[in-house]
Amino acid sequence: MATEGKVGEVTPRRRSTPWLLAAPALIWLVVFFVIPMVLLGRESLRSGGIGNYGDVFTGYTAVFRRTFWYALLATVLCVLLGYPLAYYIAMRARRARNVLLALVVLPFFTTYLIRTISWVILLSENGPVPKVLRSLDLLGQSSSIIGTTPAVVGALAYNFLPFMVLPIYVSLEKIDPKLLEAGPDLYASGWRTFRKVTLPLSLPGLFAGSLLTFIPAAGDFVNSTFVGGTSTTMIGNVVAENFDSPGLRPEMSAISFVLMAVILVGVLVYARLLGTEELG
Amino acid sequence: MTPRISRRELIMRAGALGISVPALGAILAACGGGGGGGSSRSLSVLNWPLYVEDDDPDTSPTLKAFTKATGIAMDYRAEFDDNGSVYLKYQPDLAKGRGIGFDIVTPTSWMAARMIREELVQPLDLSRIPNAKNIRADLANPEWDPGRKYSMPYAQGQVGLAYFPDKTGRPLTSAADLLDPAFKNRVTLLSEWRDTVGLFVIDAGVDPAVATVDDVKAGIAKIREARDAGQFRKIVGNSYVNDLITGEVWVAVGWSGDVASLKAADTPDIEFALPERGAMSFVDTMVIPVGAANKAEAEEFINFLYDPAVSGPLFEKITYVSPVNGATAAMSPEAQANPFINPPAGSKLYEFRAFTPTEEEELEGLFAEATQL
Amino acid sequence: MKQRLSRLALGGYSILVIVYLFVPIAVMVVFSFNKPRGRRNYEWNRFSLDAWKDPFKYENLRAAFVKSLEVGLIVTLVAGVIGTVMAVSLVKYRFRGKGFLNTLIVMPLTMPEVVLGFSLLNLFVLVDQQRGVLTIVIAHVMFCISYVATTVKARIRGFNWQLEEAAADLGATPWQTFRRVTFPIIAPGVFAAALLTFALSLDDFTITYFVSGRDRTFPLEVWTEKQFPPQINVFGTLILLAAVVLSVAGMLNSRRRTARSKP
């Protein structure tokens, strides 16, 4: 598999170099993330000890499953929507590239809440979308869009699309055009070139994009609150709703750690599958 | 800039407000020396939205009158959105005895009870609040703050059924209407469990003030059953109002003030019904947090609000129920007849008793299970 | 012919996706011209220019918006730099502890925001740190490092580090090497990460709520504004216009530069 040159890592001349480079970010994360997490860990063991973690597995499995399912669907949707777009911007739109990238990110400079409410306005009973769908007989008179799984997944995918597009774009844009020209020269079809050259080279971007979509989606609660209903609760809703009760906080803390652990395991598996050496 | 007023002026105006001279002396002393016109005094208040005209100290007649009369500049923030999140945000500081930058906050009674229990608030100097005697008899002695040593009610409202008669086809009269299959998937409940479950407890014939944990559990069980059957569109907080506006929902458990404001503007055909068996009432309560920099000013403000001549016009505008005796007399005839502002005598309004932390935890957990999982 | 068709299809599909991205934005712009019946801008009532004539009517919105911009710029700078440098370290070097670092940078993303926010608040209270712009910046940088590092890593992967060696062999100092060899190649990744970071910081509500003390950012104002005046939509539209103008200017500028540099 041809790449720009020697892939791989360099053995640092001085042992301290990589650590020095990583130091600022590392220190920031240790002080402002790890330490708070240790405090949270203590909280999760309060009034119930390790049993709190056991409770998570008995009481919340359905919500967890639903959450991961939604996040997965949203991520896949983002790939389907975002990859072609990223490809187009990277490969086909040399001149308008920056404008297009800006267009992708611009919607996200308006507040999350405004965007979600705009969807509510569109998808709710008095809004245009149900009316149109009903006139086309695609929606029953008594069913609605708000409160359904597609609504929540669609809103999730919408809100995380730039996080999929941008990483894929940056890794596609890097590909040497000569490599792509080599394909047809060797009688490979466009699709074959894509499959054997482009796609593998874009895997780091695809991996990054999937991470930046799936993980935050799994912890989200805003979309489910506004366009969801009583049967679309995600784990983020449970935690956000109940974290303020001192009595339930240990359990909610335990849930958060379980969420983190499951996601990390999933990410490791995914990294293996894609064959990227991302996690060490 | 606050006007510098002379001591003499201050005494005259204080007299008009009903502040006695000894109390005034205490206030002046607290201002840091009795000499001359007061230093610039200020007061920082964190309150719920729509509890004061325009939510703006510069245009609200009530707040302007207060500043004019006392020289105290108001820093008024209508940012109290939800008991839980405010508690979560400020409890760490208060538990350490540190101030949070506000002199008055207005949690709902059950949260005020918790704050008192956890010693996050300061006792009131009732000698600075002579108007406290104007408090309505039914609010004067809650079990969680007998004698009102730490808290004074700000406003009272009701929890009832907000609905669109043309959608439901009939007037609603009972909490059981929430479970009517004809309204399947068109009903929202409040995520505030006391308000929602309370309606069902009342409907079962139990007075929430003496309800046992099992009575509450029975109410929660009913909700859970209906939810499993898909009866409820959502179980949410403040955003239920949006669902009423967008037409998603025909019936909602809602707060009286919200519905009054909806009826006045966004959705004129909405109706608000208190179940015949009885409804829940809520009382948002003023407390002075630990570490407040302007305690005396806060007490002066509370005293100001308990003047019926002030309370009447204020509550007429904000369409909630005043905790002050005599406020009704100071309102216009329309307001006096307005059930949001002056519920008819004999209305059955209830509040839950104070639960112990263990009971609270259990019930919260059960409600969470019933509504979220 | 087949190639042209597939190109057209790709182009069309991409335009559709962009249109889809802008659907709620269009709603937002349209509703900035609405005069809602009551306090909430949820249903179309009638056309009005009132909000546009008086966009700064709500002083708190304007002040909050400016604050959000300030915070956003600082956060983008700080997170951009330390995240990029971390990303370079993680991709370039082989060293023990790399797996730990790679996992660490992903972990903040996995925690629900309310938990992150509250835990950070607890830390600040513990050490008696006053809440304000500083704590907001600290919190935002904390979760943005993950986004920056992940995005830039994707860009650097596969970089031929021998180019750097070659530059050094030709007498370039490490700084010159970085400036002329490494950075131009990773720049698009850094730029993309910067865009994402700025958007995230501008957008964040939950974490900011906990670590903000009395300061108000734009999302905080919008979220707790029980009434949604059309002025909020006006703000959103203005941001949009500003950003479009900036990017078009940027595009024209780079066109000019490429034209000039053509032999």
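These are my notebook entries on the chains, contacts and selected elements of a predicted model.

**Conventions.** I number residues from 1 along each chain as its sequence is written, and I letter chains from A and number ligands from 1 in the order in which they are written. Since this is a predicted model, local features need pLDDT of at least 70 and side-chain atom pairs count only at pLDDT 80 or more, whereas totals for chains, interfaces and linings use all residues.

**Entry 1, chain A against chain C.** Chain A brings 86 residues to its contact with chain C, and chain C brings 90. On the side of chain A that touches chain C, two or more residues come from each of helix 1 (16–44), helix 3, helix 4 (97–105), helix 5, helix 7 (149–173), helix 9 (190–219), helix 11 and helix 12 (249–274) of chain A. Helix 1 of chain A has the largest share of that side, 16 residues. I then sorted the residues by class, counting Ala, Val, Leu, Ile, Met, Phe, Trp, Tyr, Cys and Pro as nonpolar, Asp, Glu, Lys and Arg as charged, and the others, Gly among them, as polar. This side of chain A, the one that touches chain C, holds 60 nonpolar, 17 polar and nine charged residues.

**Entry 2, chain A against chain B.** Here I found 26 residues of chain A in contact with 23 residues of chain B. At least two residues of the side of chain A that touches chain B come from each of helix 3 (61–92), helix 5 (112–123) and helix 11 (235–242) of chain A. The most, four residues, is given by helix 11 of chain A. By class, I noted nine nonpolar, 14 polar and three charged residues on the side of chain A that touches chain B.

I picked A:Leu73, which sits in helix 3 of chain A. I call a residue buried if 20 or more other C-beta atoms lie within 10 Å of its own, exposed if 12 or fewer, and partly exposed in between, with C-beta atoms placed from the backbone. A:Leu73 counts as partly exposed because it has 18 C-beta neighbours inside 10 Å. Between A:Leu73 and A:Ala151 I noted 78 residues in sequence and 12 Å in space, C-alpha to C-alpha.

The domain bounds come from an automatic or database domain assignment, which gives domain 1 (7–154 + 283–337) and domain 2 (157–281 + 347–372) in chain B. The C-alpha centres of domain 1 and domain 2 of chain B are 30 Å apart. In the contact between them, 13 residues of domain 1 of chain B meet twelve residues of domain 2 of chain B. Helix 5 (residues 109–117) of chain B supplies three residues, the largest share of the side of domain 1 that touches domain 2.

Strand 5 (residues 151–163) of chain B pairs antiparallel with strand 10 of chain B over eight bridges, and B:Asp284 is the bridge partner of B:Ala155. Strand 4 (residues 121–122) of chain B runs antiparallel to strand 10 of chain B with two bridges, and here B:Val121 has B:Pro289 as its bridge partner. Strand 11 (residues 349–350) of chain B is joined to strand 10 of chain B in the parallel sense by two bridges, with B:Leu349 as the bridge partner of B:Ala279.

I counted eleven helices and zero strands in chain C, and 47% of its 263 residues are buried. The C-alpha atoms of chain C fill a box of roughly 70 × 65 × 35 Å along the principal axes.

Terms used: Two residues are in contact if their C-beta atoms, placed from the backbone, lie within 7 Å. Two strands pair if DSSP finds at least two bridges between them.
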